[in-house]
Amino acid sequence: MNTVEEHPLRLRRNWGLSPSTLAPGCFASVMATGIVSIGAQLKGLALLSAVLFWLAVALYLFFGALIVLRLIRHRQALRNDLHDPSRAFGFFTAVAGTNVLATALIGLGFTRLALIFFGLGALLWIVLGYGIPFTAVLGSRTRPVAKGANGTWFVWVVGAQSVAVVASSLAIKIPRTSFAAPGLVESLALTAVVMWAVGIALYIACAAVVGMRVLLHRFGPTDLDAPYWVTMGALAISIVAGSRILEIGSTPMLDATRQLIGGSSALLWAFATWLIPVFVIAGGWRHFAHRVPMNYSAGLWSMVFPLGMYAVASMYLGRSDRVPAIEWIGQHWFWVGFIVWAIVFVAMLWSFVRTLRRR
C-alpha cells in the first residue's frame, strides 16, 4: 500500500507536474488560455477576458517555477529533451506563452509591463530560436531527423510570429502614450516585419520536414495527435501578425512590404480555413475508425490554441481588410474556441480528480 508521503510524488509524476517529468510544451495551456482571453477582449466580454487572463498568468508562473527547478535539479533530463527532435520544439511554447500575455497586457492598457514581457519573449526567442535547431537537429542521435518531426515543430513558427504580433501591437499603441521614445516605433515596426517574414520562411521549412516524415516514414492513427492542429494555428498567428503590421503608421520598411503582407494574410486565412475540416476528419479517422481512446492529455492544449487563434485572426483580418464576413466568422468562431477550451479544462480537472482517487 502507498504511504501518505509517497502519494503526492507519484501524483506529480503521473501528471508530469514534477520538474523531473515536465514536458517541454508545458506552456501550451498558457497559450490556449491567453488567446481565448484575447478573443473575449476583442468581443467586449471584459469579465470573461479578465478571468481567463489571470488564470493564464497563474499557469505561467506555475510552469515557470517548475522550469527553473528542472534547470537546477534535472539538467540531464532537460538536455535529453533538447536533443530529442520529437520534443525539443515544444520549448517554443515558452516564447509564445510570454508573448500572448504581453499582447493581452497591451489590450488591457498595461503598455509598460507589456514592454517588459516583450523583452523577455524576444530574449527567449533569440536563445531558443538559434539553440533548438542546433541541439534537436544537428545534435540529435535520431537519424534521419525527419523521423522525429511532428506537429510541435510548428510551434517554432508560432514563437517567431508571436514576437511579430507584440512588436506590431506595441508600435500601434506606443504613439498614443506619453513615453514614446524617438525611433522606437520604427524599430518595433522593423522587428515586426522581419519576424513575420522569418515566421513564413520557417513555416515552409517545417511543412517540408513534417511532410517528409508523413510520406517517407511510418505514420499511423496514433501519430496524428492534437499538436498537429498547430499546423493551422501557425497560419492563424501569421495572419494576426500581418493584420497588426498593416495597422502601423507609415515606415520605410512597411511601405515597401504592405501589399505583400496584406495579400499574403488573405491567402493564409483561406488556407487555414481549409485546414480546419481536414483536421476534424483526421480526428474522426483517428478516434472512430481506429478507436484510439479520447483520453485527456496535456497535448490537447495544442488543439485549443489554434482554434482560439483562428477566431482572433479572423476578427483582426476582417477589420484591417474591411471584410465584415471574415470578422463575422471570427466573432462566432470564438465560441467554438471557448467551448473547446472549457471541455479540455474540465477534462483536465476530472482527470486530476480520478488520478487522485486511484492513489
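Tyr316 touches Leu42, Val240, Ser243, Arg244 and Glu247, leaving aside residues up to four places away in sequence. This is a predicted model.

**Tyr316**
- Tyr316 sits in helix H11, which spans residues 301–320.
- Tyr316 counts as buried because its relative accessibility is 11%, and the cut-off for buried is under 20%.
- Ile326 lies 10 residues from Tyr316 along the chain, and their C-alpha atoms are separated by 9.0 Å.

**Gln161**
- Helix H7, residues 155–173, holds Gln161.
- Gln161 is buried, and its relative accessible area is 0%.
- Not counting residues up to four places away in sequence, Gln161 touches Met195, Trp196, Gly199, Ile200, Ile237, Ser238 and Ala241.

**Second largest pocket**
- The volume of the second largest pocket is about 470 Å³.
- This pocket is lined by 18 residues, and the closest to its centre are Ile67, Phe91, Ala94, Leu124 and Leu128.
- Four helices each supply at least two residues of the lining: H3 (46–73), H4 (75–82), H5 (92–108) and H6 (111–138).
- H6 gives the most to the lining of this pocket, with six residues.
- By class, the lining of the second largest pocket has 14 nonpolar residues and four polar ones.

Terms used:
Residues numbered from 1 in each chain as written. Predicted model: local features only at pLDDT ≥ 70, side-chain atom pairs only at ≥ 80, totals over all residues. Heavy atoms only, no water. 1 Å grid on protein atoms, 1.4 Å probe; cavity = no way out; pocket = protein on both sides within 12 Å on 5 of 7 lines; lining within 4 Å. Points joined across faces, edges and corners; volume = space filled by probe spheres on them. Nonpolar A, V, L, I, M, F, W, Y, C, P; charged D, E, K, R; others polar. Buried < 20%, exposed > 50% of the residue type's maximum accessible area, 1.4 Å probe, protein only. Contact = heavy atoms within 4.5 Å.
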